[in-house]
Amino acid sequence: MLKINQLHKSYPIGDTSLHVLKGINISVNEGEMVAIMGSSGSGKSTLLNIIGMLDEADAGEYILDGLPINNLTEKKAAVYRNKFLGFIFQSFNLINYKNALENVALPLYYQGMKRKERQELALFHLEKVGLKDWAKHLPKELSGGQKQRVAIARALAANPKLLLADEPTGALDTKTSHDIMAFIQQLNDEGKTILMVTHEEDIANMCKRIVRLRDGVIMEDKKINQVRAEQYV
Amino acid sequence: MFDIDLWREIFQSINKNRTRSLLSGFTVAFAILLFTILFGISNGLQNTFKKIFVDDASNSIVVSSGRTTKANKGLQAGRLIQFKNEDFNFIKEEYGNKVEYITSRVFKNVRAIYKGEQSTYPLRAVHPDHQFIEKTKIKEGRYINQNDLEKQTKVVVIGKLVEEDLFVKTTALGKYVNLDGIAYKVIGVFTDAGGDNEERQIYMPITTAQHLYGNNDYVDQIRLTYNPEMNYNQALSFSTLLSKTMKDRFSVAKSDQRAIRVRNMAEGTKAISMMTGVLTFIVFFIGSGTLIAGITGISNIMVFIVKERTKEIGVRKALGASPKSIVSIILLESILVTAIAGYVGLLIGVGVLKWIGPHLKEYFITNPSVSVTLVFGATIVLILSGALAGYLPAKKASKIKPIVALRND
């Protein structure tokens, strides 16, 4: 479903440049749940950004669902992001003047779906994350865990092939983190492919595979026995 | 093309930041308010000047006579210069191609009686051309014609107010009115934009007056309009030439200012059109200056808005917003704020003009107002201004990388 070959990326810093990714090879199959780990500066966020088409690689091959991703125009990237990818951010990134329902409906708006249709669909996804009764609430009226659930509903709304999560539990306490992880595991059980960046060992252990990065290269790539999050809830 | 969801997005954004939108709109509203009031007042001043000069055709030349003040060619000072029909004919023949309309005038005051009502009115005995020079508008009946002149018919054309004074319960047309003991048939009633004094005049064929009131061919004044194809300078040199010719004809010294006077309305008209031109320029200068300040204000605030919404725009892009949709949001918000604020300013301005307008008569400001054309033009200018103010910020917004959405700050 996702294949990356000899991926390189460097950022210019003054006169020199910082080589962040030094030839990454990775492939992810459908239904996998992968944690990308590494200390800060290891290149894990950069890798996620490139996979998320938020950033472009300097060299290498990136194929998503059989489609080569390179030299995208802004417009095309926008369409691909909308169609293939769902984002879950550490700081939720809900739009603060839109209520939960409107936030979830936003990707559908950019798909060009009719208002009534997308509201129904958004409500369906909100129900799925257990927040149907909170549909008309603004983000500031929700707790951290609820905000992240709205964000997950939003990521799911457009029915993407791949869910990308950047430290999804980074801003949450342990109990809420486990709640959210239990939910993400449930999504994976239903067949969604999930890729997440984290630096927390226990969160990574809740995935099915861990990829460890250091200084721009993959140190370790192994399948693990998934720790279920429900047992902590 | 109309996208209700896009507008919903924009209204939501404006509504969410009400204070900010209000403040940014205020400058534009104030600019348009100022412009409207200035423009209205300038219009009012022009209306006043136009009204003063609306009485007579703007290309008219008046030739009148008096007593000489200087001795010339052996003739004493203090001699009375009297025009006659032959002088009228002389001008008409000599300068036929430069003259549009020409008339003589004989002035009298007459006591008019109709049944029980009576009053004294000024009378002008004239040629048919007089109608066009004085801009007399016939309300009923007809004006004096060539036939009246030839037959010296006893007919009069009376002003609207004369009719109202004398013909209390009836209309004047076709009735006979007694002027200083002689009965004249009323063949027409007229109105004149020159005001009440003009509408209290009585017109009579010049030949009739010359025959009945003195049995001579004296003329008090000669009025003419120059060929409208002549420009200002040609008109002035024509009146100078006319003055010189007439002075020669009556052996009057060139420097004698009283014996023969030639007054060219073009001088006054020119001065006024120059003044109103300068006034309009000043109004546009101040108005557009203020508007530019307003646009800059909106543009500034839009830049700030874009900066403030950088993360939101990043998120939108991550969710699949195209650059175009980001540009439309910012641009349309800018246009909407500018247009609404501008219209509020315009409405308040028009309201203020309506309210204070009637109290400004004594300051030479008549009926200050703005035209529909101006309102229409202002709409276009406002939309363009909004687009201008929003363009750079919108461009900037569309360049925001969606990666900023991932930054944690």
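In chain A of this predicted model, 6 strands form an open sheet in the order β6-β7-β8-β3-β9-β10. The pairing is mixed. Strands pair here if DSSP finds at least two bridges between them. Strands (E, at least two residues) and helices (H or I, at least four) are DSSP runs, numbered from the N terminus. β6 (85-88) and β10 (217-223) of chain A are the edge strands, each pairing on one side only. Neighbouring strands of the sheet are turned by 15 degrees against each other on average, direction ignored. Axes are lines fitted to C-alpha atoms, for helices over the stretch in contact; angles run from 0 to 180 degrees between N-to-C directions.

Gly86(A) stands opposite Leu163(A) in β7(A). Helix α5 (residues 144-157) of chain A packs on the sheet and touches β6 and β7 of chain A. The direction of α5(A) makes about 170 degrees with that of β6(A). Contact requires C-beta atoms, placed from the backbone, to lie within 7 Å.

Helix α1 (residues 44-51) of chain A is largely enclosed by the rest of the structure, because 8 of its 8 residues are buried. A residue is buried if 20 or more other C-beta atoms lie within 10 Å of its own, exposed if 12 or fewer, and partly exposed in between, with C-beta atoms placed from the backbone. The buried residues of α1(A) include Lys44(A), Ser45(A) and Asn49(A), along with Leu47(A), Leu48(A), Ile50(A) and Ile51(A). Met53(A) follows α1(A) and has a positive phi, near 60 degrees.

The contact between the chains takes 23 residues from chain A and 18 residues from chain B. On the side of chain A that touches chain B, α2 (74-84) and α3 (100-111) of chain A give two or more residues. The largest share, 6 residues, comes from α2(A). By class, this side of chain A has 11 nonpolar, 6 polar and 6 charged residues. Ala, Val, Leu, Ile, Met, Phe, Trp, Tyr, Cys and Pro count as nonpolar, Asp, Glu, Lys and Arg as charged, and the others, Gly among them, as polar.

Chain B comprises 12 helices and 12 strands. Of its 409 residues, 39% are buried. Among contacts in chain B between residues at least 6 apart in sequence, 81% join residues at least 24 apart.

Residues are numbered from 1 along each chain as its sequence is written, chains are lettered from A and ligands numbered from 1 in the order in which they are written. In this predicted model, local features need pLDDT of at least 70 and side-chain atom pairs count only at pLDDT 80 or more, while totals for chains, interfaces and linings use all residues.

Note on methods. Two residues are in contact if their C-beta atoms, placed from the backbone, lie within 7 Å.
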